[in-house]
Amino acid sequence: MEVYIPSFRYEESDLERGYTVFKIEVLMNGRKHFVEKRYSEFHALHKKLKKCIKTPEIPSKHVRNWVPKVLEQRRQGLETYLQAVILENEELPKLFLDFLNVRHLPSLPKAESCGSFDETESEESSKLSHQPVLLFLRDPYVLPAASDKARIPVHSFLG
């Protein structure tokens, strides 16, 4: 797994002070996706990770987050933080994978001892399951030729 934070943006808000959102690029098994997180979410992750794995230092919580140079340093620091967590830990905790929106295999020994962001989430909901919703014996959008209509029983279209 590889993670990068290629960019960040400032979000204006009517309800609270503006804040910065960091765009995280996650590369895993040849697939790429993006997740956006605020610094407060990184900080919450760090507090939980500290309890169960070795964690690197996280960039300071108290900075002037409207200064572009400071934000760039924070971006680099957060990127280094995520990369160090991956490098220093053979098995990544479930809450770290959840933070990055990575679907993971169940039964990682360290993963279970570390908890998750959503403590009410059931064990079953984190397992992937692929089941067909409908099964068509023929392409449902292609009508059979007139000569075929007589030979195809109606129930074959109903599943």
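Which residue's side chain meets that of Glu 72 in a salt bridge? Arg 75 does, with an N to O separation of 2.7 Å. The points below set that pair in context.

1. Basis. This is a predicted model, in which local features need pLDDT of at least 70, side-chain atom pairs count only at pLDDT 80 or more, and totals for chains, interfaces and linings use all residues. Residues are numbered from 1 along each chain as its sequence is written, and side-chain values use heavy atoms, with hydrogens and water left out.

2. Overall layout. The protein has 5 helices and 3 strands. Their order from the N terminus is β-β-β-α-α-α-α-α. Helices (H or I, at least four residues) and strands (E, at least two) are DSSP runs, numbered from the N terminus. The chain has 159 residues, and 31% of them count as buried. Buried means under 20% relative accessible area, exposed means over 50%, and partly exposed lies in between (1.4 Å probe, protein chains only). Take the contacts between residues at least 6 apart in sequence: 42% join residues at least 24 apart. Contact here means heavy atoms within 4.5 Å.

3. The Glu 72 and Arg 75 pair. Side chains of opposite charge can pair when their charged atoms come close. The criterion for a salt bridge is a side-chain nitrogen of Lys or Arg within 4 Å of a carboxyl oxygen of Asp or Glu. Glu 72 and Arg 75 are 3 residues apart in helix H2, so about one helical turn separates them. Glu 72 is partly exposed, at 27% relative accessible area. Arg 75 is buried, at 12%.

4. Other salt bridges. The whole structure contains 7 salt bridges. One of them joins Arg 9 to Glu 11, with the closest N and O atoms 2.7 Å apart. Arg 9 is partly exposed, with a relative accessible area of 34%. Glu 11 is partly exposed too, at 23%. A network of salt bridges links Arg 9, Glu 11 and Glu 36.

5. Glu 25. This residue sits in strand E2 (residues 19-28). Lys 32 is exposed, at 52% relative accessibility. Leaving aside residues up to four places away in sequence, Glu 25 touches Glu 2, Val 3, Tyr 4, Pro 6, Lys 32, His 33 and Phe 34.

6. Packing of H1 on H2. Two packed helices are described by the angle between their axes and the distance between the axes. The axes of H1 (residues 39-50) and H2 (residues 68-88) come within 12 Å and cross at roughly 30 degrees. Axes are lines fitted to C-alpha atoms, for helices over the stretch in contact, and angles run from 0 to 180 degrees between N-to-C directions. H1 and H2 are therefore roughly parallel to each other. The classes are: under 35 degrees roughly parallel, over 145 roughly antiparallel, 65 to 115 roughly perpendicular, and the rest oblique. H1 passes H2 in a left-handed crossing. A crossing is left-handed if the near helix is turned anticlockwise from the far one by less than a right angle, and right-handed if clockwise.

7. Residues at that contact. From H1 come Tyr 39, Phe 42, His 46 and Leu 49; from H2 come Arg 74, Leu 78, Tyr 81, Leu 82 and Val 85. They divide into 7 nonpolar, 1 polar and 1 charged. In this scheme Ala, Val, Leu, Ile, Met, Phe, Trp, Tyr, Cys and Pro count as nonpolar, Asp, Glu, Lys and Arg as charged, and the others, Gly among them, as polar.

8. Backbone points to check. Most residues other than glycine have a negative phi, and most peptide bonds are trans. Asn 29 has a positive phi, near 50 degrees. Asn 29 lies in the loop between E2 and strand E3 (31-38). It is exposed, at 73% relative accessibility. Its C-alpha atom is 9.7 Å from that of Glu 2, and the two residues are 27 apart along the chain. Asn 101 also has a positive phi, about 60 degrees, although it is not a glycine. Asn 101 is in the loop between helix H3 (94-99) and helix H4 (109-113). At 46% relative accessibility, Asn 101 counts as partly exposed.
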